[in-house]
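Colleague: I am new to this structure. Could you show me how to read its features, one by one?

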Amino acid sequence: MSEINETTNPITPPIPTEMAILPLFNTIVYPMTVIPLAVGQPESIHLIDDSMVGERVVGLMTIKNEDERPSPVTPADFYHIGTAAIVHKLMKLPDGTLRVAVQGLERIEIEEIIQTEPYYRARIRIVPDVVAAGDSVETEALMRSIVALTTRIAPLIPQFPEELLAAVVNEDDPRRLAYLVASYVRMSIADRQNVIAEPDVETKLRKLNEVLSRELSVLEIGQQIQSQVQTEMGKTQRDYVLREQLKAIRKELGEENEQDVEADRLATAIEAAGMHAEAKAQATRELERLRQMPPSAAEYGVIRTYLETLIDLPWQKRSDDHIDITEAAKILDADHYALGEIKERILDFLAVRELRRQRSPEQDAGRGAILCFVGPPGVGKTSLGRSIARAMNREFIRISLGGVRDEAEIRGHRRTYIGAMPGSLIQAIRRVGVNNPVFMLDEIDKLGADYRGDPTSAMLEVLDPEQNNTFRDHYLDVGWDLSSVMFIATANTLQTIPAPLRDRLEIIQLAGYTVREKLEIARRYLVPEQIERHSLRPEEIALTDEALLIAIEEYTREAGVRTLEQQIGTLVRKAARRIAQAEASGTAGPVSIDAELARDFLGRRRFYAELSERTDRPGVVTGLVWTPVGGDIIFIEATKMRGGRGFMLTGQLGDVMKESARAALSWVRAEGERYGIDPNFYTQYDIHMHVPAGAQPKDGPSAGIAMVTALVSLLSGRPVRDDLAMTGEVTLRGKVLPIGGLKEKVLAAHRAGIRTIIVPERNRFDLDDLPEDLIHGVQFVFVENVGQVLDAALREEATELPVIVDGDQVTERERPASINDLLIDQEEDIEILADSERQ
């Protein structure tokens with residue numbers, strides 16, 4: 001401290017009508033009180049220095065804002081009623097700030113600001129307090145109440161000044177008592193200002209009584225709370241000391257209890273597990289029950305298993321995921337061939353998650369879309385999930401939901417049941433060891449439901465980002481945060497997934513692979529994997545492209561590559577046997593598998609191109625269908641027999657296909673005459689339509705034009721082209737409606753060697769989604785009505801006689817030389833029939 005100045009004149013100077021104004025932040029100085037102040041603002045320091053030279057009387061006004069001192073301070077920022085005070089002491093500190101002691105003199109009010117620089121000066125007027133004349137009984141009562149309240153408050157406040165309490169008790173002046181108590185009682189700046197702004201002393205005392213009563217209530221409640229806390233802490237400490245002493249005594253006597261040792265081990269593990277408050281409280285409660293229970297009790301093992309389950313869960317263990325989009329793209333390209341659009345969508349998904357993690361860390365990065373890969377078996381759905389986990393540097397865990405019918409498989413069993421255990425989700429997280437894995441829900445379309453509950457309803461909570469942060473397993477009975485888990489679902493079809501569950505998923509379709517893509521996948525992945533699996537070295541075996549094509553085209557017919565992998569495994573096993581035999585005989589050498597050797601190893605051929613044999617007669621049409629395991633071709637066969645008005649449908653057709661068949665028959669009966677079909681054929685013939693492979697149920701709205709073509713081909717005698725297949729629905733007016741699953745159907749046609757495909761006109765733009773090598777060499781015929789279908793599908797010449805009805809007999813004719821002769825003969829027959837009816 002560099003300098004101390006003190007006043008030596010105890011006489012109070014007169015209050016001038018003009019004085020410097022010192023704004024105070026979060027402080028109010030009352031008349032008749034002495035308060036120390038810290039002065040640090042440059043203009044305030046200048047003001048104090050100037051005042052010490054003159055009369056040392058300044059005006060103290062309080063800034064209105066309690067949270068932040070405005071800079072600069074304007075007249076509107078401080079109250080205009082304050083206190084005139086005299087500066088008694090000045091102390092300068094090394095940092096340049098001042099410490100001053102001021103004594104409040106009288107209430108003043110600013111009338112006019114007369115100076116703003118370098119500090120404020122104002123013209124003021126004295127506003128004296130109003131004191132009741134004589135001895136007021138009410139004032140005396142208020143003073144006694146304030147003294148009593150202060151006496152009760154003092155013991156409740158640590159380090160309450162005894163001098164202050166003595167001053168309050170001995171004070172007889174109501175005005176001085178009011179300002180003395182107001183200086184030390186806890187109040188907001190606004191309430192303190194109300195005290196000085198109030199001119200009536202009796203009203204001041206009444207306000208202070210209210211404030212002191214409220215403060216006394218708060219302090220008494222706080223003391224009760226503190227007393228309760230200290231009592232509980234004292235009991236806990238006492239129990240701990242006694243328990244430690246008992247443990248030490250038993251240890252000295254060699255009588256350590258195994259149950260206590262086990263309980264202590266569990267207690268230490270609970271503390272180290274990092275559980276949240278609810279789980280820790282539950283575990284502690286169960287541990288206390290375990291301590292009081294003999295090991296022979298039936299529930300002892302249940303509680304111990306429950307505690308160990310809670311301890312083993314990864315409450316705080318996480319994978320430090322970091323997503324590098326460029327590196328993720330390399331991983332996806334390295335692990336999967338083709339699937340360009342699927343990879344792009346996955347990279348978009350990962351980019352959004354990384355941006356959310358970087359730019360909005362307060363938001364949960366797990367919020368967002370939940371991917372669901374839908375496609376036939378063997379197209380790489382599960383391996384895509386593994387690649388995503390590798391790209392994110394996260395652990396990967398997978399559970400299969402196929403055949404799950406019990407809700408407890410998802411939510412867990414309540415501990416009231418014997419053999420209760422957590423649900424499959426919690427068990428999987430416990431196995432993987434982190435709380436933010438990439439979690440694959442395989443075969444979500446095969447969830448069932450029965451009297452034990454509906455697992456799909458439980459999955460709604462699991463896959464909903466708004467709910468899964470407090471997922472409650474029935475076994476744990478405490479909340480578990482699933483929001484940091486990245487869920488990925490797989491399915492073969494969307495038809496069996498309930499709509500509410502499907503709404504929570506972002507569907508990504510995987511259609512299947514072309515022959516060229518399968519060949520490339522076999523080269524890059526399947527062959528090296530099988531060679532390593534069978535303990536061979538790459539230089540010991542070689543599979544030619546011709547051998548792989550034989551396996552693809554003659555021994556497999558699938559959308560994926562699962563069966564192809566099995567066939568390649570067969571080839572490698574056969575080669576391994578030859579290598580082992582050669583090493584045993586001393587003639588070891590590499591084995592090269594070409595097309596001929598591949599057929600020898602794989603045995604009898606399984607698939608043939610049978611289109612020309614199946615469609616060599618009228619009434620047989622090749623259709624394209626979508627199935628949960630990919631696209632496929634089907635043959636729709638129709639035949640006629642003597643009878644009348646009979647129409648049979650066989651092949652386990654669903655209701656939709658049956659309705660399509662009846663609509664096709666109605667159209668043929670109404671419009672068939674244009675194609676050389678007698679309009680009365682239905683009176684003499686029964687029609688039988690069959691879709692082979694009768695053991696397999698079939699349904700769907702895309703076989704209408706194929707059924708019309710089959711009926712017209714049968715009744716006109718004109719066969720269908722054997723290099724052609726079709727898909728599309730038909731209306732009674734002959735309009736062709738669009739269909740779905742075009743990519744899967746085109747893949748099926750490509751595998752079967754079909755080079756012409758009839759497709760609805762409204763599916764033209766779906767070709768943009770097909771790879772270039774798939775549509776190369778394939779002719780697409782886009783149609784809007786059945787007439788265009790028949791013109792493209794039927795051959796020009798008939799190979800069988802058409803149906804001609806002559807009265808009640810079916811007329812037998814020789815096979816016409818051409819279709820024109822056939823039509824001329826039919827016209828003559830119609831005229832003869834009309835003449836006979838007129839006669």
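**Reading the model**

Modeller: Begin with helix H24. 13 of the 13 residues of H24 are buried, so this helix is largely enclosed by the rest of the structure. Keep in mind that the model is predicted.

Colleague: What span should the 13 residues of H24 have?

Modeller: Count 1.5 Å a residue. Helix H24 covers residues 704-716, so it should span 18 Å. Its end C-alpha atoms are 18 Å apart, which agrees.

Colleague: What comes just after H24?

Modeller: Gly717 does, and it takes a positive phi of about 80 degrees.

Colleague: How should I read a phi value?

Modeller: Most residues other than glycine have a negative phi. Now look at two residues that are not glycine. Leu339 has a positive phi of about 55 degrees. Gln652 has a positive phi too, near 55 degrees.

Colleague: Where are Leu339 and Gln652 found?

Modeller: Leu339 is in the loop between helix H10 (325-335) and helix H11 (340-359). Gln652 is in the loop between strand E19 (646-650) and helix H22 (655-671).

Colleague: Is Leu339 buried or exposed? And what of Gln652?

Modeller: Buried means under 20% relative accessible area. Leu339 has 12%, so it is buried. Gln652 has 43%, so it counts as partly exposed.

Colleague: Next, peptide bonds. Which residues does a cis peptide bond join?

Modeller: The general idea is that most peptide bonds are trans. Here, a cis bond joins Ser71 and Pro72, with omega about -5 degrees. Another cis bond joins Glu117 and Pro118, again with omega about -5 degrees. Pro72 sits in the loop between strand E4 (57-62) and strand E5 (81-92). Pro118 sits in the loop between strand E6 (98-115) and strand E7 (120-126).

Colleague: Now charges. How many salt bridges does a search of the whole structure find?

Modeller: Side chains of opposite charge can pair when their charged atoms come close. The search finds 50 salt bridges in the whole structure. Take Arg206 as a case. Arg206 pairs with Glu138, and their closest N and O atoms are 2.3 Å apart. Arg206 lies in helix H6 and Glu138 in helix H2 (residues 137-153), so the pair ties together parts that are 68 residues apart in sequence.

Colleague: What distance separates Lys343 and Asp333 in their salt bridge?

Modeller: Their side chains meet at 3.1 Å, N to O. Lys343 is in helix H11 and Asp333 in helix H10, so the pair ties together parts that are 10 residues apart in sequence. Lys343 is buried, with a relative accessible area of 9%. Asp333 is partly exposed, at 43%.

Colleague: Which residues do salt bridges with shared partners join into one network?

Modeller: Glu106, Arg107, Asp129, Arg175 and Lys204 form that network.

Colleague: Let us turn to the surface. Which residues gather in a patch of negative charge?

Modeller: Six names to find: Glu341, Glu344, Asp348, Asp766, Asp768 and Asp769. Asp768 is in the loop between strand E24 (756-760) and helix H26 (772-775). Its relative accessibility is 59%, so Asp768 counts as exposed.

Colleague: And which residues form a nonpolar patch on the surface?

Modeller: Ile221, Ile225 and Val229 do, with about 250 Å² of accessible area together. Ile225 lies in helix H6 (residues 201-253). Ile225 is partly exposed, at 47%.

Colleague: Last, distances. How far apart are Leu287 and Leu266 in sequence and in space?

Modeller: They are 21 residues apart in sequence and 7.7 Å apart in space, C-alpha to C-alpha. Leu287 is in helix H8 (residues 277-291). Leu287 is buried, at 4%. Now try Asn680 and Ser457. They are 223 residues apart along the chain, and their C-alpha atoms are separated by 56 Å.

Conventions. Residues are numbered from 1 along each chain as its sequence is written. This is a predicted model: local features need pLDDT of at least 70, side-chain atom pairs count only at pLDDT 80 or more; totals for chains, interfaces and linings use all residues. Side-chain values use heavy atoms; hydrogens and water are left out. Patches are made of residues with over 30% relative accessible area and no salt bridge: like charges are joined within 9 Å, nonpolar side chains (Val, Leu, Ile, Met, Phe, Trp, Tyr) within 5 Å. Accessible areas come from the Shrake-Rupley method with a 1.4 Å probe; for residues, only the protein chains shown count as cover. A salt bridge is a side-chain nitrogen of Lys or Arg within 4 Å of a carboxyl oxygen of Asp or Glu. Lys and Arg count as positive and Asp and Glu as negative; His and the chain ends are not counted. The place of a charge is taken as NZ of Lys, CZ of Arg, CG of Asp or CD of Glu. Helices (H or I, at least four residues) and strands (E, at least two) are DSSP runs, numbered from the N terminus. Buried means under 20% relative accessible area, exposed over 50%, partly exposed in between (1.4 Å probe, protein chains only). The expected span of a helix is 1.5 Å times one less than its number of residues.
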